[in-house]
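Student: Could we go through this structure together? I have not looked at it before.
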Amino acid sequence: MHFHGYLWAGDKAVFDKESIRRPPSPVEPVGSSAPDLVERYRQAVAEWQVTGVPPLETAYWLVKPAKLIRGTWGHPKEAAEWLGERLAEYAPHFALTIGPERIADKVAYAAKTLGWGGDVSLGSYLRRPKFLSLALVTCSPNHAAPEQLCPAGEPASASGADSELSPSSVVCTVRGSC
């Protein structure tokens, strides 16, 4: 098991466009399908492969192109630390103030969730009209999509996850107070 990180920051109106956040139907329209249905299907196929806009379901990141992966880690703690670094990086731009303690809480939660094989997805409003989406996705296997292969071609046994993480060890690395 390993973990992939994803980041998207952009216009909230784009994020709200559900059609580009949903993967195309696995059933292709047939020749007798209505022209608008065929066109919507073609658009969905084309947009899904190029857009970095977060999918509606976190596990759908694994269906997106590997070029959208911002990092890959073999242990929950490493992935959670990346999340904390991104939150700290964007914190000055958040619409609401977020302090180091709150970031540390989110990092500890992420490490714990990844430790049992779950996914983490966070969204924050930035100054208008921007939105930040961060995701950490468990790969090989993913609980929500166990049949999905790794988009980066990583083997299922990549490094193994440390499920015995202590949340306090993660908090220490974010706060730098240990």
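Student: Where is the place of Pro129?
Tutor: This is a predicted model. In it, Pro129 sits in the loop between E3 and E4.

Student: And what is the peptide bond from Arg128 to Pro129, cis or trans?
Tutor: That bond is cis, and its omega is near -5°. In general, most peptide bonds are trans.

Student: What about the peptide bond from Ser140 to Pro141, cis or trans?
Tutor: The bond from Ser140 to Pro141 is cis, with omega near 0°. Pro141 is found in the loop between E4 and helix H5, which covers 167-175.

Student: Is the phi of Ser140 positive or negative?
Tutor: Ser140 has a positive phi, about 60°, although Ser140 is not a glycine. Most residues other than glycine have a negative phi. Ser140 is also in the loop between E4 and H5.

Student: Is Ser140 buried or exposed?
Tutor: Ser140 is buried, because its relative accessible area of 13% falls under the cut-off of 20%.

Student: Changing topic, which residues touch the most other members of the largest nonpolar core?
Tutor: They are Leu83, Phe94 and Leu136, in a core of 23 residues. Two or more residues each come from strand E1 (2-11), helix H3 (76-90), helix H4 (100-115), strand E3 (120-125) and strand E4 (130-139).

Student: Which element gives the most to this core?
Tutor: H3 does, with 6 residues.

Student: What does Leu83 touch?
Tutor: Leaving out residues up to four places away in sequence, Leu83 touches Lys106, Ala110, Val120, Leu122, Leu134 and Leu136. There is also a second, separate core of 9 residues, with Tyr6, Ala135, Val137 and Cys139 among them. As a general point, nonpolar side chains in soluble globular proteins tend to be buried together.

Student: Where does Ala104 lie, and why does it count as buried?
Tutor: Ala104 is part of helix H4. Ala104 counts as buried because its relative accessibility is 0%. Between Ala104 and Ala88 there are 9.8 Å in space, C-alpha to C-alpha, and the two are 16 residues apart in sequence.

Student: One more topic: what volume does the largest pocket have?
Tutor: The volume of the largest pocket is about 380 Å³. Its lining consists of 16 residues, of which Pro23, Pro24, Ser25, Arg40 and Ala44 are the closest to the centre.

Student: How many residues of each class are in that lining?
Tutor: The lining has 8 nonpolar, 3 polar and 5 charged residues.

Definitions and conventions: Residues are numbered from 1 along each chain as its sequence is written. This is a predicted model: local features need pLDDT of at least 70, side-chain atom pairs count only at pLDDT 80 or more; totals for chains, interfaces and linings use all residues. Side-chain values use heavy atoms; hydrogens and water are left out. On a 1 Å grid over the protein atoms alone, a cavity is a set of points where a 1.4 Å probe fits but cannot get out, and a pocket is an open set with protein on both sides within 12 Å along at least five of seven lines; lining residues have an atom within 4 Å of a point. Grid points are joined across faces, edges and corners, and a volume is the space filled by probe spheres set on the points. Ala, Val, Leu, Ile, Met, Phe, Trp, Tyr, Cys and Pro count as nonpolar, Asp, Glu, Lys and Arg as charged, and the others, Gly among them, as polar. A nonpolar core is a set of buried Ala, Val, Leu, Ile, Met, Phe, Trp, Tyr and Cys residues joined through side-chain atoms within 4.5 Å. Buried means under 20% relative accessible area, exposed over 50%, partly exposed in between (1.4 Å probe, protein chains only). Helices (H or I, at least four residues) and strands (E, at least two) are DSSP runs, numbered from the N terminus. Contact means heavy atoms within 4.5 Å.
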